[in-house]
Amino acid sequence: MKTDLSDPKELRFSGLGVSSGIAIGPAYVIETGATQVPEYQVAADAVDAECQRFADAAAKARRQIKKLKAKALLLPEAAAEEVGFLLDAHMAMVSGSRLTRGVERRIREELINAEAATQAEITEIAHSFQGMADAYLAARIADVREVGARLIRNLTEREYQAFSMLPQGVIIIAEELSPAETALLDPSVVAGFASVQGGAEGHTAIMARSLGIPAVLGVHGLLRTPRNGDLVIVDGGRGKVIVGPTEETLAEYRAHRDTLEQEREKLKGLRRLPSVTSDGTPVALYANIELPREIAAALEAGAGGIGLFRTEFMFMNRDTLPDEDEQYEALRTVVEGMEGRTVTARTLDLGSDKLAEALDNRFNQSDNPALGLRAVRLSQREPKLLETQLAAMLRASAHGPLRILLPLITTVSEVRWVRNMVATVAKRLKRRGVKMAETLPLLGVMIEVPGAALTADALAACSDFLAIGTNDLTQYTLAIDRGDDQVAHLYDPLHPAVLRLIQFTAQAALRARIPVSVCGEIAGDPRFTALLVGLGIHEFSMNPSKLPVVKRRIRSLDLRSASRRAQTIMDQSDSARIAELLDEFNAAD
Ligand code: PEP
Ligand code: MG
């Protein structure tokens, strides 16, 4: 994470290589906190039309806020009241307020476009609020900015397509990209990206891998250097970013890119071969997906099913929540697309770094969002959200095998609560004559909190399968924020504490005779395969692009020697020694 100034012609940076591959292209620098607001002059005779454009955007904002208010009424009473007040304030701001009057005045007097006028007015209002002694009023700055962002989105009619106007082949350079923003990147347009912030296992990194966009995060000092259009190389495998590369460096990286491409082609040959160890034990390989369109990649990689569908991504980058029909259609696409292979749909895991604008203003900001109202806890707070999602899942189960997976479970009562809700929703659908599978979907529990792992036997007794989420399990066991580059060097799934929790969970599932999988990022890293198989895990779910390398490792693996090596490793107390033993075993095969 440092700058190497040894060659004056090029600048080399190091960071966390989170999504492998080489990207070479012009930089597109996104300044911190800046929204991409177009600015231009408007001719005097076009001023009326520009004011009308702004009036239309404000009218659209009023319709959007009205819709949000209708949804807020479904909240528990106190929350509905609080959100209602907030939305009333937003409504007032877009209905003949200082803001709307100020924007119109600027368009007329300064002859500038509506977006630029809105941005300028927001900045001025925010500035005048800042000086206020009243803390409540000072805190309204955030509301003013939110309303301003809504107006600008309506004006540009780009909704959340913040990156839709990028030139082909660019490399995005930013302070930080959220998982929701990353989900908007189009891999046919964005060649790669690098950011100052972000950890290796946060959802931004996971999304980059899903899209197959080379990415390096946690690159300190990066924003000070490149300007728009500067040539940049992103080496997502080795965590390097090179600004203004020399001809020599360029040639070297082009050659490296060709080698990687050849390797990828070679691995394609594995697609049709079975995933079995050298002594014939089958190991199921499933795909993790975030959006329905990723099933093509899952099928292409030869996935045996979907082991984790992160449904929360369907809730991001939009003003309103998807209703039951929309969710059903998306799930049906995945279930039908997988042609009879099992699809594991996880219920909403929003909160922490995964945010949905349509829900944001319903909850208070938490000091520790990773320990706060996320995942199943959010579902318990807003049962209607879950009910809708379960109804969509039950309907989709009519089209093929579908399992339901619950995120961030910590107690058996949470599982029982959801199971009851599944039964209630199913009864309601049946009464309406809605088609569903004959039997209710299997209900699985994610083991991603140490407390859940330590009570895996109890959770196994009340669920139909377990899925170990090692990303969160590592984060919570070692108290390392998975998305924070400053502590990324301490994030270590080979820590004996994490391995013991994995082993404990695998053994609990084995005793309860229910399936257990690993669906965290280590499932897609061939370095870990032998150890996990040796610990009794015979089901993995991963980014589809990782499937071939993991399959290659499985096919070279002897189950008995993997188990013996796993036992030796579990006797160790030092993760450096564990890494050594693992690497030595992997190298011997
Ligand atoms: C995990 O925590 O390992 C997991 C698979 O869930 P997510 O990455 O979506 O938090
Ligand atoms: Mg998780």
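Visitor: How far apart do the C-alpha centres of domain 2 and domain 3 lie?
Guide: This is a predicted model. The domain assignment places domain 2 at 44-156 and domain 3 at 271-588. Domain 1 comes in two pieces, 3-32 and 162-264. Between the C-alpha centres of domain 2 and domain 3 the separation is 40 Å.

Visitor: How many disulfides does a search of the whole structure find?
Guide: Take C462 as a test case. Its closest cysteine sulfur is in C519, and that is too far for a bond at 17 Å. A disulfide needs the two sulfur atoms within 2.5 Å. For the whole structure, the search returns zero.

Visitor: Is C519 buried or exposed?
Guide: C519 is in no disulfide, its nearest cysteine sulfur being that of C462. Burial is a separate matter, with a cut-off of under 20% relative accessible area. C462 passes at 13%. C519 has 1% relative accessibility, so C519 counts as buried.

Visitor: How many of the nine residues of strand β4 are buried?
Guide: Strand β4 covers residues 22-30. The strand is mostly covered. The buried count is seven.

Visitor: Which strand runs antiparallel to β4?
Guide: β4 pairs with β5, residues 170-174, through four bridges, and those two run parallel. In that pairing V29 stands opposite I173. The other pairing has five bridges and runs antiparallel, with G25 opposite V232. The antiparallel partner, residues 231-235, is β8.

Visitor: How many salt bridges does a search of the whole structure find?
Guide: Side chains of opposite charge can pair when their charged atoms come close. Here, one such pair is E339 and R341, at 3.6 Å from N to O. Across the whole structure the search finds 34.

Visitor: Is E339 exposed or buried?
Guide: Its salt-bridge partner is R341. R341 has a relative accessible area of 28%, so R341 is partly exposed. E339 has 60% relative accessibility. That value makes E339 exposed.

Visitor: Are K354 and D349 buried or exposed?
Guide: These side chains also meet in a salt bridge. The N to O distance is 3.3 Å. Both K354 and D349 are buried.

Visitor: How many residues apart in sequence are the parts that D583 and R527 tie together?
Guide: D583 and R527 form a salt bridge, with the closest N and O atoms 2.9 Å apart. D583 lies in helix α23, residues 575-588, and R527 in helix α20, residues 526-534. The pair therefore ties together parts whose separation in sequence is 56 residues.

Visitor: Is R527 buried or partly exposed?
Guide: D583 has 35% relative accessibility and counts as partly exposed. R527 has 30%.

Visitor: Which residues come nearest to ligand 1?
Guide: Around ligand 1 there are 17 residues.

Visitor: How far is a backbone N or O atom of N471 from an oxygen atom of ligand 1?
Guide: Side chains make contacts with oxygen atoms of ligand 1 too. A polar side-chain atom of R310 lies 2.7 Å from one. In E448, a side-chain N or O atom is 2.9 Å from an oxygen atom of the ligand. For N471 the contact is made by the backbone, and the distance is 2.8 Å.

Visitor: Which residues of helix α18 are buried?
Guide: α18 spans residues 470-478 and is mostly covered. Eight of its nine residues are buried. A479, with a positive phi near 55 degrees, follows the helix. The buried ones are T470, N471, D472, L473, T474, Q475, Y476 and L478.

Visitor: How far apart in space are S545 and S210, C-alpha to C-alpha?
Guide: S545 sits in the loop between β17 (539-542) and α21 (547-555). With 52% relative accessibility, S545 counts as exposed. In sequence, S545 and S210 are 335 residues apart. In space, C-alpha to C-alpha, the distance is 7.7 Å.

How values were computed: Residues are numbered from 1 along each chain as its sequence is written. Chains are lettered from A and ligands numbered from 1 in the order in which they are written. This is a predicted model: local features need pLDDT of at least 70, side-chain atom pairs count only at pLDDT 80 or more; totals for chains, interfaces and linings use all residues. Side-chain values use heavy atoms; hydrogens and water are left out. Domain bounds come from an automatic or database domain assignment. Buried means under 20% relative accessible area, exposed over 50%, partly exposed in between (1.4 Å probe, protein chains only). Two strands pair if DSSP finds at least two bridges between them. A salt bridge is a side-chain nitrogen of Lys or Arg within 4 Å of a carboxyl oxygen of Asp or Glu. A residue is near a molecule or strand if one of its heavy atoms lies within 4 Å of it. A polar contact is a pair of N or O atoms within 3.5 Å; within protein, one must be able to donate a hydrogen and the other to accept it, and residues adjacent in sequence count only if both atoms are side-chain atoms.
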